[in-house]
Amino acid sequence: FMIMAGKVKWVTDIEKSVLINNFEKRGWIQVAENEDWNFYWMSVQTIRNVFSVETGYRLSDDQIVNHFPNHYELTRKDLMVKNIKRYRKELEKEGSPLAEKDENGKYIYLDFVPVTFMLPADYNLFVEEFRKNPSSTWIMKPCGKAQGKGIFLINKLSQIKKWSRDSKTSSFVSQSSKEAYVISLYINNPLLIGGKKFDLRLYVLVSTYRPLRCYMYKLGFCRFCTVKYTPSTSELDNMFVHLTNVAIQKHGDDYNHIHGGKWTVSNLRLYLESTRGKEVTNKLFDEIHWIIVQSLKAVAPVMNNDKHCFECYGYDIIIDDKLKPWLIEVNASPSLTSSTANDRILKYNLINDTLNIAVPNGEIPDCKWNKSPPKEVLGNYEVLYDEEMAQSDGPDRDLRSRSGQSTGVKGNRARDSGKPVLTTWK
């Protein structure tokens, strides 16, 4: 049996039932089945067992799995920020124009993560930053949790005293603070539609990290809060105002079970084009694509690029009222449950298109192939970045793309060279 996709010859129906129950107990979710093949999504916990030295598992060439062994370098909130900070410093040392800063010392091209500290480790650094602007609001998130669990907002140092150090012993005061948190400057000027805060959930498929090849799913969506936004400090505890997670919003009195508080990305684009203009809207989506590619580049050197692996990530992006996008977090197992009819269709297509890229034409998987599927199997995916192609297009391609100079299919350079060049971001 193949862990992600496998050809099974069942001996009896009883044997089939026992085997499937065993898979489900391990956290594998069956997502597709036909006469010869069974496809399972593997949980992030199970993937560690598969690649653990102690278990002794060895995957064969016709076995592929839907996570990279150390995906958490991108999907744990603290490690994502740490890797992005390291990436920026490395580019600075190299003298890369991508790491250019403005007169205030802010990165011009790589300022896409809110100011963030790890607690309790960076408590003193956080206090120093907080005192520069005591009226600021910060958001606390546990590093290893999802669906909005354990998140809260603060605007006073006294609200997080348990993460402070005991000056005499230099140890941490509270045992309950052993769980690591990240604390980030809260984006308190989000773009509002109908007075409500929202964020974007975008799906990105990575087939290989070295060389980096990733695909953007066209059918992402916006997730809206059910209660109108206010930056008022009296509403800091009202998660229906501040957190867009469906797992939280579905418990609100104003939650709509028909549309689920969701908008398609195409609807958002139409709304922005009509209210802000096409040029500004295109620039926003260019910047979102840029953020995604740079975050993947930041973790590529440390990612265990096992040939048996691919991964579909759920990116959470917030847009502020100046139409600047911010990367909030990346999810290793974006929810595949559906809250509405449209949701079900979207996620069915997402799984289908993902499998078509991972296992083109439904053939027996081969982890040795070059992972560059034909265009006709991409479905709703489009190539976001292909490192091999980008390198052949010149080392300054990234900066030209970021500064709005076309390097893609529609660009003059591509036509002049006589060969088609895929866009990195349009």
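## Burial and overall make-up

A residue is called buried when its relative accessible area is under 20%, exposed when that area is over 50%, and partly exposed in between, with a 1.4 Å probe and protein chains only. Leucine 323 counts as buried because its relative accessibility is 8%. The model is predicted: local features need pLDDT of at least 70 and side-chain atom pairs count only at pLDDT 80 or more, while totals for chains, interfaces and linings use all residues. Residues are numbered from 1 along each chain as its sequence is written, and side-chain values use heavy atoms, with hydrogens and water left out.

Of the 426 residues in the chain, 51% are buried. The chain holds 13 helices and 15 strands, taken as DSSP runs (helices H or I, at least four residues; strands E, at least two) numbered from the N terminus. Contacts (heavy atoms within 4.5 Å) between residues at least 6 apart in sequence join residues at least 24 apart in 67% of cases.

## Backbone exceptions

Most residues other than glycine have a negative phi, and most peptide bonds are trans. Leucine 323, in the loop between β13 (311-319) and β14, has a positive phi near 60°.

Two cis peptide bonds can be listed here. One joins leucine 119 and proline 120, with omega about 10°; proline 120 sits in the loop between β4 and α5. Another runs from arginine 210 to proline 211, with omega near 0°, and proline 211 belongs to the loop between β9 (196-209) and β10 (212-217).

## Threonine 340

Threonine 340 is placed in the loop between β14 (325-331) and α10 (341-358). Its relative accessibility is 9%, so threonine 340 counts as buried. The side chain of threonine 340 reaches the backbone nitrogen of aspartate 343 at 3.0 Å.

## The second largest pocket

A pocket is an open set of points on a 1 Å grid over the protein atoms alone, where a 1.4 Å probe fits, with protein on both sides within 12 Å along at least five of seven lines; lining residues have an atom within 4 Å of a point. The second largest pocket has a volume of about 1100 Å³, the space filled by probe spheres set on the points.

Its lining has 34 residues, and Lys106, Asp111, Pro114, Val115 and Glu129 lie nearest the centre. By class there are 13 nonpolar, eight polar and 13 charged residues. Here Ala, Val, Leu, Ile, Met, Phe, Trp, Tyr, Cys and Pro count as nonpolar, Asp, Glu, Lys and Arg as charged, and the others, Gly among them, as polar. α4 (77-94), β4 (116-119) and α5 (123-132) each supply at least two lining residues, and α4 gives the most, with six.

Definitions and conventions: A polar contact is a pair of N or O atoms within 3.5 Å; within protein, one must be able to donate a hydrogen and the other to accept it, and residues adjacent in sequence count only if both atoms are side-chain atoms.
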